[in-house]
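Please keep the structure open as you read.

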Amino acid sequence: MPKSRPNVAVIGATGAVGDVFLRVAEERNFPLNSLKLLATARSAGKRLRFLDADIVVEETTEAALKGADLVFCSATSAASRQYAPFIIGEGAVMIDDGSAFRMQANVPLVIPEVNGEDVEWHEGIISIPNCTTTPLAMALHAMRQVAPLRRVTVATYQATSGTGAAAVEELRSQLAAFGRGEPIPLPSVYPHQIAMNVLPQVDVFGEDGYTAEEAKMRNETRKILHLDGLQFSATCARVPTIVGHAEAVHVEFTGPAPLAAIREALSKQAGLVVMDDPANSVYPMPLNTAGDDRAFVGRLRVDESTDYGIAFWCVTDNLRKGAATNAIQIAEELIKRGRL
Ligand SMILES: NC(=O)c1ccc[n+]([C@@H]2O[C@H](COP(=O)([O-])OP(=O)(O)OC[C@H]3O[C@@H](n4cnc5c(N)ncnc54)[C@H](OP(=O)(O)O)[C@@H]3O)[C@@H](O)[C@H]2O)c1
């Protein structure tokens, strides 16, 4: 019997994504019967606000997960791998924010506005994409209605909250020390100081010279769009902002893709906003898009360095559409389709 008002558990409720998850669930009036907030033993006993109640955080254990119909996991890959078998064994569904299962063949990787129908074939786990993949895939999905995609190159400018709450704290403490004219504390989250700096490294390097984040963007975009052969190259950088990942993107098509048609396709794409008035310096930035559930594109122009090319800029709140909002939308999609 499909559930329309599930018992919900959130693993990682005390984290950067977990915090936003609770706000998004409130805003969207997510239909739940009960809510358990879970984290590590370090957080057990903390109280988190949801609607008009304080909920006591519990340590994540199988006993604590028992009875849940739907588990949102925004913790670590190790936690996802540890608890997934129990969750599936109980007949519940896990919506996983992490990268542990994203590329597994029997796990749908879903952006509801792009490939919502993929939830139909889930076997207990549905992954949400990396926070830089989501807005890019949304824009590419809109653009491929105009002409088939051949090649994508992208450079990212990623906020510190993408690394989690400890990274935001690292940036804040470095900025505060700088403001006081004191020596800047040594980094512990990042390999270098992030304040007043840009790091051309997000995650670890692979043997091919790309980072894991760059490989995730390539592989996940191909999987979501069902385009295994899409030529793709990314450079991911960490910048000293707090919320909102930006991307500079160049797309090549296999044939003509007029700018006006691309603009129209983007403006029709659900969940995407075209914010593009360069004459008045209007374009998306972290500061004018954070807190919004949608992805934003601007700086649309023809890329004249190739036959059929378009260049654009996009920005998205990494904690919302890049994580919590997308996870909740997947749950809404499951409920709508009677697949929970
Ligand atoms: N931040 C983003 O923009 C973003 C976007 C998309 C996806 N994600 C993914 O979402 C996940 C969480 O990211 P975050 O940024 O929220 O990280 P975070 O701020 O570091 O929070 C991590 C959360 O996971 C909990 N946790 C850690 N290890 C655990 C374990 N073994 N068992 C149960 N809970 C555990 C932590 O609990 P304690 O507080 O008790 O330590 C905390 O609640 C990651 O997989 C990340 O890749 C993040």
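The notes below cover a helix pair, a sheet and the contacts between them.

## About the model

This is a predicted model, in which local features need pLDDT of at least 70, side-chain atom pairs count only at pLDDT 80 or more, and totals for chains, interfaces and linings use all residues. Residues are numbered from 1 along each chain as its sequence is written.

## The helix pair

Let's start with helix 5 (residues 133-143) and helix 8 (residues 259-268), whose axes come within 8 Å and cross at roughly 125°. Helices (H or I, at least four residues) and strands (E, at least two) are DSSP runs, numbered from the N terminus. Axes are lines fitted to C-alpha atoms, for helices over the stretch in contact, with angles from 0 to 180 degrees between N-to-C directions. Helix 5 is therefore oblique to helix 8; angles under 35 degrees count as roughly parallel, over 145 as roughly antiparallel, 65 to 115 as roughly perpendicular and the rest as oblique.

On the helix 5 side, Ala139, Ala142 and Met143 meet Ile262, Ala265, Leu266 and Lys268 of helix 8 (contact means C-beta atoms, placed from the backbone, within 7 Å).

Now to the strands: 6 of them form an open sheet with mixed pairing, ordered 10-9-11-14-13-12. Two strands pair if DSSP finds at least two bridges between them. Strand 10 (231-238) and strand 12 (272-274) are the edge strands, each pairing on one side only.

Strand 9 (residues 149-158) and strand 11 (residues 245-253) run antiparallel, joined by 8 bridges. Arg151 stands opposite Glu252 in strand 11.

## Helix on sheet

Helix 5 also lies across strands 9, 11, 12, 13 (295-302) and 14 (309-316), at about 140° to strand 14.

Notes:
Two residues are in contact if their C-beta atoms, placed from the backbone, lie within 7 Å.
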